[in-house]
Amino acid sequence: MTAPVIGASIRRKEDHRFITGQGRYTDDINRHGQTHAYFVRSPHAHAKLRGVDTSAARAAKGVVGVLTGADLAADKLGGLICGWMITSKDGTPMKAGAHPALAVDTVRYVGDHIAIVIAETYGQAKDAAELVKVEYEELPPVVDPAKAQSDATQVHAEAPRNTIYQWEIGNKPETEAAFAKAAQIVKLDLTNNRLIPNAMEPRACVGEYDDATSGYTLYVTSQNPHVARLVMSAFIGIAPEHKLRVVAPDVGGGFGSKIFIYAEEVVCTWASKKVRRPVKWTAERSESFLSDAHGRDHVTHAELALDADAKMLGLRVKTIANLGAYMSTFSSSVPTYLYGTLLSGQYDLSAIYAEVDAVYTNTAPVDAYRGAGRPEATYVIERIVEEAARQLKLDPVAFRRKNFVRKFPHQTPVIMNYDAGDYDASLDAALKLADYAGFPARKAAAKAQGKLRGLGFSTYIEACGLAPSAAVGSLGAGVGLWESAEVRVTPTGGVEVFTGAHSHGQGHETTFAQVVAGRLGIPMENVEIIHGDTNSVQFGMGTYGSRAAVGLTAVSRALDKIEAKAKKIAAHVLEASAADIVFENGEFKVAGTDRKLAFHEVALNAYVAHKFPTSEIEPGLKESVFHDPTNFTFPAGTHICEVEIDPDTGVTTIVSFTAVDDFGNVINPMIVEGQVQGGIAQGIGQALLEHGVYDKDSGQLITGSYMDYTMPRADDLPSYKLGFTVTPCPSNPLGMKGCGEAGAIASPAAVMNAVTDALGVKEFNMPATPSRVWAAIHRTRAAAE
Amino acid sequence: MYQFQYFRPKSLDEARKLYENNGDAKFLAGGQTLIPTLKQRLAQPTALIDLGGIAMSGIKVAGGVVTIGAGTKHFDVATSADVKGTIPALAHLAGHIGDPAVRHMGTLGGSIANNDPAADYPAAALGLGATIKTTSRSINADDFFTGMFETALEEGEIVTEVSFPVPEKAAYMKFPNPASRYAMVGVFVAKTKTGVRVAVTGAASSVFRESAMEAALAKSFTPDAVAGIKVSPANMNGDLHGTAEYRAHLVTVMAKRAVAAAIA
């Protein structure tokens, strides 16, 4: 038997069913007696509801029920919640407005939910929805985060000046002192453009009430079904947890947008009891654009203080973060603890002070999106570092090296304690892969062809796994961020692993099985990874924040327990001392003898229970672990982007993209490369193509379809040059870090540093579309003439 | 989409009668604009009259003219040896409309009858001085495209075929909208027996001829002849993807590149 080992590029077990069309997604699930729902949504960005008349809709053909915010209120259901309390610098708690699942008196963004229409067919529900008469009193909207605090429009009465919190991090006096003695101060204004997630599978749900058990089942496109159940039970009050089963089957991409508990799934679950029929809803793509939680949307001013020797002394950052019309589930944490804590980058910076104002606007809620706060932090630090090198006329590599952290552990002024890393190693490898030395010649050759070449770096660090539960609790998190694993060995030696992590593209069914098979010395096909159903897995925190390393550590620790118990059983069967039993290559051996038992033989003995004293050892072979990480993991690396710009059209072509990442020990290099590739695609999408835009006067989403929202396509992207360096993570037994978000975190800064290098401009915001690039060239040339 | 009656006539005569007898009927060709419009509930015709059952497709070359049936799919034009051998610019244009799915469904007649301001075929029809044959008459391309989504077609009139005179040289250069990949600016240049024609799509409310460029190219059919011609942004479209100034600038750039391709 060739044991699949950790570190092998094993093909993904799950791909057979995906590629052959046998995936089972939420919309594939059809329940007996199922009805179909359509949501009446606000066409206005901001309006008072003067009346919602559902009588004609209720009388329409096929309609089973029409329910509104008044019905929700009558049943005393709670609103949607934000689960992370942020405290402002003046000590006051964040100021959150109510977030009813169906609007009661006010609608606050285009797409806000007003009523659910439930009918025998989807077409009937949609037809009847047009008969719901809503009387609006339109109010002026505010959409620009930079103007939200001074605008006359008040999105929520609870948040004066539309300000949810004014948060700070770092050491202000030290930072002021650093700036006071600085030889040079570099300043930069940046925006981090709003992105719309666009998972391939739109959000969907089926709510079902079973009168026989008085229990509910919700099938839903979720990255964390247990958290959804907890929130819907404890805060919204649909049913107690033991009467609510949440199933997240195959999920076709999330990128964060399916972490959150949305109005639609709450309402469909609740409504299934009202109409005594299962209720299904699947978003149309237009609804995804309008109502999936968006990402990013920051406006930032940053300043970097340097001494005469180009050593960084301090960093000052002021950011306004747009959270949209309501606070989504984890929205408050994204521009604070997932952002401010990463502002030290790879640099030895003793003084950092950052302030973040979070604001309400009449736009879709903004929450975590691939990288969540860390791309925004990396964008700030890596853009200003590159700009500083240019102003100091230093090579950006030399300038970075002068300031790298090299001693570990390293305590930053912004909470994080970097445990391990070698930033020079990934930089060196990347410089070689990118042929940095050859760049001046390539730039000259491009110039001879009338093209503008530029090169940009991003030496990034990020933090994954989210984090010791007590630590996040002290920072305001409403939940812990541990993960669970239960390993059940069957009597014939098969292994079922129940994990609270959820797989929606990450390939857990393969990588988790690799860890188990490699560890137990059994074939991959003997291992089944089970996730995504609150009836199967006791509890789990789900997948986001590149945190599967936490889940894998839980699995690894459960395997420790399995091995320990199996050794005891093997000792009895082999009539040896437990201390003499060694476990290798799937066999339990008595050291120094030829007496041995295969793993499956020990499993059978565990369940037969004939040959060991059950007063000392319980029959069976099943162990579980709730693993709480002791630190974040800190992936880091270097991305180098080389672009060529056609000055005639403003088209930016990425001629070369290099990424060398340190993810610690890698379980499956092929899957990790895939994660990096996808992440970079999204990062390049943000830098060059994607932009969620609202009309500033009407509050309408201008980029509400693929006619106007530019998704990255294969021909927008180069073939990447990828490499890995390894410093094992000291805080988990497998030495691994997270890899899911690094590409999206690191790459936008590299691309924009390359674009600004090519253009010779300082301030230039994403996305670098042809029209905006051409306008910048045009401005520069007009100024020169 | 809303409910409608669906008809698939076998003849143009039958199609005309169905149109006359149904209050708010629409003709359906390849459906690449109409079907998404219906799905979005942005149109509510009482009946769809599918022209796909009428024999109107095919490509003929005779007497220096390429005649293409209105029902001919973009893919068939793009891959036709006859078109490639006579007007390669037209095959190239057809091969860059939408994506493969669109090219296997969309038709020449549907495209020009719809006259989307960012569609490609109107540039070829106008740039080559094509003649559009309908159920009742023949219309010069110069008279056919009358405004945004507007043509000279009368109620119930159906395009049956389009005749493209074979030019001496021609090329089409498109700058696609980054999101939709429709033409943000597309320029079709042709040196024909009757003179040079330059047709621009995507930039304004409807396809138009750029007469200053035509005059310059008539004197010298070279990229340099148009390189210095500045197009006024006054009537250009402006939106998220490009200002009117940018589109006006792109007309010159694309014209220059189209001429370069035509003489290459």
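## A tour from an exposed arginine

Start at B:R41: with 12 C-beta neighbours inside 10 Å, this residue counts as exposed, because the cut-off for exposed is 12 or fewer. Keep in mind as you click around that this is a predicted model. To see where you are, show the loop between α2 (34–39) and β3 (47–50) of chain B, which is where B:R41 sits. Now check the backbone: phi of B:R41 is positive, about 60°, although the residue is not a glycine.

**Next, the chain A counterpart.** Select A:N585. Here too phi is positive in a residue other than glycine, this time near 50°. Is A:N585 buried or exposed? Count 12 C-beta neighbours inside 10 Å, and A:N585 comes out as exposed.

Colour by secondary structure and you'll have 20 helices and 28 strands to look at in chain A. Along the principal axes, the C-alpha atoms of chain A fill a box of roughly 95 × 75 × 50 Å. How does the radius of gyration of chain A agree with that of a compact globule? A globule of 785 residues would come out near 28 Å and chain A has 27 Å, so the two agree. Of those 785 residues in chain A, 56% are buried. If you draw the contacts in chain A with a separation of 6 or more, 80% of them join residues 24 or more positions apart.

**Colour by domain.** Chain A splits into three pieces, and two of them are put together from separate stretches of the chain:

- Domain 1: select 31–139, 200–253 and 258–291.
- Domain 2: select 298–466 and 631–784.
- Domain 3: select 482–627.

**Look under a helix.** Go to helix α4 (residues 122–129) of chain A and show its buried residues: A:Q124, A:A125, A:D127, A:A128 and A:A129. What covers them? Among the elements over the buried residues of α4(A) are β1 (35–41), α2 (55–58), β3 (63–68) and β5 (113–119) of chain A.

**Two cis bonds to check.** The peptide bond from A:F408 to A:P409 is cis, with omega near 0°. You'll find A:P409 in the loop between α11 (396–403) and β16 (410–411) of chain A. Then move on to the bond from A:M766 to A:P767, also cis, with omega near -5°. A:P767 is in the loop between α19 (742–759) and α20 (770–784) of chain A.

**Last stop: where the chains meet.** Bring chain B back into view and select the contact, with 11 residues of chain B against 15 residues of chain A. Which helix gives the most to the chain B side? Pick helix α12 (residues 244–263) of chain B, which gives three residues to the side that touches chain A. Colour that side of chain B by class and you get seven nonpolar, four polar and no charged residues.

Methods. Residues are numbered from 1 along each chain as its sequence is written. Chains are lettered from A and ligands numbered from 1 in the order in which they are written. This is a predicted model: local features need pLDDT of at least 70, side-chain atom pairs count only at pLDDT 80 or more; totals for chains, interfaces and linings use all residues. Domain bounds come from an automatic or database domain assignment. Two residues are in contact if their C-beta atoms, placed from the backbone, lie within 7 Å. Helices (H or I, at least four residues) and strands (E, at least two) are DSSP runs, numbered from the N terminus. Ala, Val, Leu, Ile, Met, Phe, Trp, Tyr, Cys and Pro count as nonpolar, Asp, Glu, Lys and Arg as charged, and the others, Gly among them, as polar. The radius of gyration is taken over C-alpha atoms; the globule rule is 2.2 Å times the number of residues to the power 0.38. A residue is buried if 20 or more other C-beta atoms lie within 10 Å of its own, exposed if 12 or fewer, and partly exposed in between; C-beta atoms are placed from the backbone.
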